[in-house]
Amino acid sequence: MLKLSGLLPLLLLLSGLWLAPTWAGTRLQLITTDYPPYCAADLPEQGVFTALAQAAFNAGGYETEVVFKPWARALAEIKAGKHDAILAVWFQSERNKFLAFTDPLWLNRIGFMGRVGEPADTQHLSTLRGRKIGVVRGYANPPEFEAANLTVDEAVDDETNLKKLLGGRVDLALVDKALAEHLIRNRIPEADGRLEWREPPIATMPLYVALSRSKPGYEQRLLAFNRGLAEIRRTGEYERILKRHGITQ
């Protein structure tokens, strides 16, 4: 029979195990697409959004790994429950049926890139009827854009979309401003001085992490992420990550 002095440490150990978070040490698989400067396998920390999301998950008690797929496939796989969460996603009521959205992590400025010397009234979407607008297959576009019922031409990703604009295959490209600037600076240098951003943006849209509702325990992970996000904002880690990537919100 254990003496009380020997029993006490054992009780404390068991109590600590009982109270420890059930998710401690759990490794989550996240999926996203090539969406620089936010997410990309070849960027430092796999992009600023990826770094912020992983920091928030880590502060909430989770380890993570990220896989990259074309957007339409990434969305199909998260809908099928093949991953725990998807990064850098916009809210849609249809998506809310199979995804649980975290607190917003970022704000996108969404609008048009056009060719230099070919002006267009992008502030009034009704004037764009008859023009071909490049979009990315599977993306949730701003409600204002969808309501305008414009002619669209789909591309597999934003880089392809901008190259189609540069080549004259579409009249305008619907895109996130920071993403377009990154792609032109780093991947499509021939577009520098030939493509330009059109003010004002048509929408400023929150960008989220969203968890698969088909994965047991997603509610717990959602709460943990939101707590972690609040924590990295409180400690200044959020701003430090932005600074590392040379990006301002």
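**Cavities, pocket, salt bridges and backbone features**

Strand E8 makes the largest contribution to the lining of the second largest cavity, supplying three residues. The structure is a predicted model, in which local features require pLDDT of at least 70 and side-chain atom pairs pLDDT 80 or more, while totals for chains, interfaces and linings use all residues. Residues are numbered from 1 along each chain as its sequence is written, and side-chain values rest on heavy atoms, with hydrogens and water left out.

The second largest cavity has a volume of about 70 Å³. On a 1 Å grid over the protein atoms alone, a cavity is a set of points where a 1.4 Å probe fits but cannot get out, a pocket is an open set with protein on both sides within 12 Å along at least five of seven lines, and lining residues have an atom within 4 Å of a point. Points are joined across faces, edges and corners, and volume is the space filled by probe spheres set on them. Besides E8 (172-176), strand E6 (132-136) supplies at least two residues of this lining. Helices (H or I, at least four residues) and strands (E, at least two) are DSSP runs numbered from the N terminus. The lining consists of Tyr35, Trp90, Ile110, Val135, Val136, Tyr139, Asn141, Asp158, Leu174, Val175, Asp176 and Leu179.

Three cavities of 30 Å³ or more are found in a search of the whole structure. The volume of the largest cavity is about 100 Å³. Its lining is made up of Thr33, Tyr35, Trp71, Ala88, Val89, Trp90, Arg95, Tyr139, Ala140 and Leu207.

The largest pocket has a volume of about 470 Å³. It is lined by 24 residues, of which Pro37, Trp106, Ala178, Ile247 and Thr248 are the closest to its centre. Two or more lining residues come from each of strand E5 (106-115), helix H6 (177-186) and helix H8 (237-245). Helix H6 has the largest share, with six residues.

Within H6, the residues Lys177, Leu179, Ala180, His182, Leu183 and Ile184 are buried; buried denotes a relative accessible area under 20%, exposed over 50%, and partly exposed in between (1.4 Å probe, protein chains only). Strands E5, E8 and E9 (195-212) and helix H5 (158-166) are among the elements that cover these buried residues, contact being taken as heavy atoms within 4.5 Å.

The number of salt bridges, each a side-chain nitrogen of Lys or Arg within 4 Å of a carboxyl oxygen of Asp or Glu, comes to 19. In the pair formed by arginine 137 and glutamate 154, the closest N and O atoms are 3.3 Å apart. This pair links distant parts of the chain, 17 residues apart: arginine 137 is in the loop between E6 and helix H4 (143-148), and glutamate 154 is in strand E7 (residues 151-155). Arginine 137 is partly exposed at a relative accessible area of 39%, as is glutamate 154 at 43%.

A salt bridge also joins arginine 187 to glutamate 159, with 3.4 Å between the closest N and O atoms. Arginine 187 belongs to the loop between H6 and E9 and glutamate 159 to helix H5, so the pair ties together parts that are 28 residues apart in sequence. Arginine 187 is partly exposed, with 22% relative accessibility, whereas glutamate 159, at 18%, is buried. These two residues belong to a network of salt bridges that links Asp34, Asp42, Glu159, Lys163 and Arg187.

In helix H8, glutamate 237 and arginine 240 are three residues apart, about one turn of the helix. Their closest N and O atoms, 3.1 Å apart, form a salt bridge. Glutamate 237 is partly exposed at 22% relative accessibility, and arginine 240 is partly exposed at 43%.

Two cis peptide bonds are described here. One joins proline 36 and proline 37, with omega about 5 degrees. Proline 37 is located in the loop between strand E1 (27-32) and helix H2 (48-59), and is one of the residues closest to the centre of the largest pocket. The other runs from glutamate 199 to proline 200, with omega near -5 degrees; proline 200 is part of strand E9.

Glutamate 45 is in the loop between E1 and H2 and is partly exposed, at 38% relative accessibility. Alanine 88 is in strand E3 (residues 85-89) and is buried, at 7%.
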